[in-house]
Amino acid sequence: MNWEPVIGLEIHVHLKTRTKMFCRCEVAYFDPPNTHTCPVCLAFPGALPVPNRKAVDWTILLGHALGCRVPDRAIFHRKNYFYPDNPKGYQISQYDEPLCVDGAFTVPGPEGDAVVGIERAHLEEDAAKTIHVGGAEGRIHGADRSLVDFNRCGTPLVEIVTKPDIRSAEEAKQFLQLLRQTVVELGISDAEMEKGSLRFDVNVSVRPEGSDELRTRTELKNMNSFNFAAKGIEREVRRQVEIWESGGEVEQETLHFDPGNESAPPLRSKEEAQDYRYFPEPDLVPLEPSRELVERTRGKLPELPSARIRRLEAEVGFSLAEGLVTSGRDELYSRIPGERAAVANVVMNELAALGLDPAAVDADELGKVIERRGEIPRTAFTEALAASASPGFSADRYLAEAAIADVGELDPVIDRILSENEQQVEAYRGGKEGLLGFFVGQVMKETGGKANPKVVNERLREKLSA
Amino acid sequence: MIDTLRLTAEEAIGLIERGEVSGAELHRAYSDAIAERDPELHAYLCTVDEPVGGGVPIALKDVISTRGVETTAASKILAGYKPVFDATVAARCKDAGLPLLGKTNLDEFAMGSSTENSAYGPTRNPWDPGRVPGGSSGGSTAAVAAGLAPWALGSDTGGSIKQPAALCGVVGLRPTYGTVSRFGIVAFASSLDQVGPIAKTVRDCALLHRVIAGRDPADSTTVELPEPIEIPEAEDLEGLRIGVPKELNEADGIEPGVTEAVNRTIELARELGAEVGECRLPRSVEYGLPCYYLIAPSEASSNLARYDGVRYGLRVENGDVRTMYDRTRDAGFGDEPKRRIMLGTYALSAGYYEAYYGQAQKVRTVIRQEHDAAFEQFDVLVSPTSPTVAFELGARTANPLAMYAADLLTIPSNMAGLPGLSIPCGLSEGLPVGFQLIGPQFSENLLFRAGHALERVIGFDFVPERLK
C-alpha cells in the first residue's frame, strides 16, 4: 500500500512593531534582560492592555496576502495557564473569532500550483524568555533556579494555522520558504529563524493514498530550519508508516527533535492534558475593522512572491525562479542586464556566496562583468563580482587592470615557464595534451591569477605546437 | 475646631477657598479623628502622614494602586506590595490636589459584603461597632460615616459601593460601566468592576465623580462622557417618571423596616412632583444573582492568576515552581478568594463553559434588555439598596449563600452595566436604610438631581447617634 503524508503547519511570526502588543515598551529582544518592561507586561495588579494598532493593521495585511477573509468583528480571548514566562497567568490570544480566516496560499511548483488552505491567522502576545540554571537539559524540572527575561514578554506574534493540505516534506519546506519571503516583503517581520522571529510546529499524519480519512497526528516542535523540518517530517512519516504497517497504532504526542543531532531518535513527551479555559478578554473591546480599512489595506498589497515565481519561471526555469524569489534576490536579478540564465546563475550562486548587499551593487556594471565571464579567470571574476558593490565600480576599468590579456606582457612569462619545464614540454609534444592545464596553472600562479585564461590558452597552444 | 463628623467636602472646599483653613490643617483634623476613632472601627489599612496637595483630603479603597503607598487589596498575598505607578483615578485625585489620607479596608480582593473577609481584620460599623459596615468597600463608607474622611473612593462589582453606603448611612455612586478608568485597580471581575465616589451628600458625590470620570486611553473599555457632570441643584422632581420594580421591592428577605423607609421616600418623591408607577424585572432579579456568581468568579479565577509569587508579593519558597505556586497561593489567599477561584475555574472548564459562563453571558443580555424595556416607561427605577440594615459581625460568615444574598438588589443593574446611586433614607431599628436609584447608561446627572432633591426632603442626619 502507498501512504500519503497529511501535513499541517502552525507558524508564529514576530511582528517588528516598535512597541509591544499591549503596552508601550520598546521591542528589543537582545538588549540586556528586563530593560524593556512596565506594569502592563510585568502584570502588576490593575495594569490593563491596550492593543497595538499597527499590529492589528499588519495582521490584516498579512491576512490579505494569505487570501483570508477579514470578518467585521474579532475578539481577544484569555488562554489561562501557569508558567513563570506568563506573568498574568493567561496569554491574550484569539480563539473562535480571529482577525483573519479561511485563506488559501498558493505555492507554485514545477508541475503546477499547490494551494494550501489557511485556517486562520490571529494576533497574540509572546511569552517571556526563561533560562533554567542547573539540572539536566535546561528544563524547568530539576533546575536549581529559573531566570526570566521579560523583554520578549508581550511582543506581538501572529499565529498562522494551515489546513492539513500539505502532502510532502518538500512541499512543507516550499510553503515555509514562500511564506517567510512574503512576510519579509510585506515589511511586517524580519522572520529570521535564528533570532526566533519565525517559529513553527508541524502536525504530521499519514493515510493510505486515495483515502480522505484523518488519522492520529503527532506534533513536531523545536524546528530550527526549513531543511531540518523537511528531514524531521520525512523521518516522522517513515516512522508512522512503519507503525501502521506493522499493525500498530500511532499515538497522539508531541515530539521534540534535537536539532544538533539529526540521527538521534525523537525525544518524546506526552502532551499534558491542558485545559486553557479560554474566555473572551473582558479588558478589551472587540476589534471591529471597518470595511474601508480592510479594503485600503488590501490595496497596499505588493505583487506577491508566488506570482513573481511564475513570472520569472518563463525566463529562467522554475528552479532558478523559485530560488531567486524565496531568497529575496530576484530584485537584484531583474536589475542586472544580460543573458537571463547567466545572470540568474551568478545571482543565485556566486553573489549569494559572497554575501553582497544587493542594494549597493551597480547592476549595469555587474551586467558587464557577467557578460565577459568567459574571458576572465575564475578568481578574477569572483573578485570583480565582489568589487561591484564598491562605490564608483567600473567593469571596464577593473577588468582591464585585473586581467592581463596583453600578449607582450604574457609572452615572457610563458616562455620562462616553458624553459623551466622541459620535461613536461617534451611529454606534451609526445602526446600528453592533458598537460596543457599544468602550464595554464603555472602561468596563473606566476601572474597572481590575473592572466586572461583565454589568451593564455591560445598562446600556450601556439608555442607548444611550434 | 473642625468637626469632621459634620463637615461636608463641599463645605471644606469653601473653607479652603475662603482661606479659613489650609489643606494641611484639614488633613491634620482628619488624621486626628482617625487616631481617635479608627482603633475601634479599623476603616483604614494604612494612613499617610505627609499629605501632597492643598485640597480636600481623600481616602482610597485599598484596591486602588497608589505609587509608593502599600496596596494590598486586603490580601496577605500582596502584603508589602508598593506600586510603582498610580491608578488613573488616584492620579486624577492627585492632579485635583486631593491629598491622600490613607487606604481603606475591604473584603479581600473586594470579594464580600461585610468587610469581614479582610485578611487584616474586619471594619466595624460606626453606627454600631457590633455590626458590619457592609462591603466590600466597608472601610471607605465607614471612614466617611465616622468623619475619618470627607469623601472616599470605593469600587463596585456586585454592589460593593451601594450596599456598604446604605449600611453606613452615606451616599455612594456606582457609575455606568466604562465611565471610570479601571487602570491600576486590583481587578476582581473586569466586566463588572467600576470605581465610584462615596460621600456624605449627593453634591459631594457629584463633585468627586467629576474628578474621576471620563475616558482613559490606558483602559480601552472606557468611553467619553456624553455630557459633563453637573452639580445638582434641583429641588423638585416635577415630571420625573419613577418606576418601582415589583421584584426588587418585594423580594424575600427584605426587612419590614427597610420597606417602610423606602416607601416613605417614594411618597416624598411623589410629593416633589414625580410620577410613580410599578414595573417588572422578573428575570433580572431571578437570574441576576446566580449569573453574577458564574461571571464574577470566572473572571476572578483568571484575574487572580498573576499572584504566583514570581514577581511581587508573597512567595513561599519551596522546591520546584509548581510547589512554590501551590504554597504561595495557599498561604496568600483567604477562604473567599479560594472559593471563587475554584468556582470560576470550574465554570470555565472544557465541557462546562457553554452551560455556565457562556449561558450566564446570554442571560446578561436578557437582563440588559429587560432594564431597557423598563426605561422606555420610566426615567429611574427605585428600590431598597440592601434587603436588610447592617447585620452583626459573624452573623453570615458561616454561610456564604446568606452573605451573597446581601447583593440581591444591587446585582441586577450592575449586570446590565447601569449606574446606581444609594442615598440614606431613614433609620430602621436605629440603623441606616439605603434607597437605590437606578438609571439608564450615562444617566449619572439625572441620578444626582433626583438624589439631591430627595436628600433635601428626607433630612437624614448622617452623623451616627453614638458619635454625637
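Tutor: Start with the domains. The C-alpha centres of domain 1 of chain B and domain 2 of chain B are 25 Å apart. Keep in mind that this is a predicted model.

Student: Where do the two domains of chain B run?

Tutor: Domain 1 covers 9-282 + 365-467, and domain 2 covers 283-364.

Student: How many residues does each domain of chain B put into the contact?

Tutor: Domain 1 of chain B gives 38 residues and domain 2 of chain B gives 29 residues.

Student: Which elements give two or more residues to the domain 1 side?

Tutor: In chain B, they are α7 (246-249), α12 (354-377), α13 (400-404) and α14 (411-415). The largest share of that side comes from α12(B), with six residues.

Student: What about the classes of residue on the domain 1 side?

Tutor: The side of domain 1 of chain B that touches domain 2 of chain B has 23 nonpolar, nine polar and six charged residues.

Student: New topic. At what angle do α9 and α11 of chain B pack?

Tutor: About 100°, with the axes 7 Å apart. Helix α9 spans residues 282-303 of chain B, and helix α11 spans residues 335-348 of chain B. Roughly perpendicular is the term for α9(B) against α11(B), because 65 to 115 degrees counts as that.

Student: Which residues make the contact?

Tutor: From α9(B), they include Leu294(B), Pro297(B) and Glu299(B). From α11(B), they include Arg340(B), Ile341(B) and Leu348(B).

Student: And how does that contact split by class?

Tutor: The contact of α9(B) with α11(B) has seven nonpolar, four polar and two charged residues.

Technical notes:
Residues numbered from 1 in each chain as written. Chains lettered and ligands numbered in written order. Predicted model: local features only at pLDDT ≥ 70, side-chain atom pairs only at ≥ 80, totals over all residues. Domains from an automatic or database assignment. Contact = placed C-beta atoms within 7 Å. Helix = DSSP H or I, 4+ residues; strand = E, 2+ residues; numbered from the N terminus. Nonpolar A, V, L, I, M, F, W, Y, C, P; charged D, E, K, R; others polar. Axes fitted to C-alpha atoms, helices over the stretch in contact; angles between N-to-C directions. Parallel < 35°, antiparallel > 145°, perpendicular 65-115°, else oblique.
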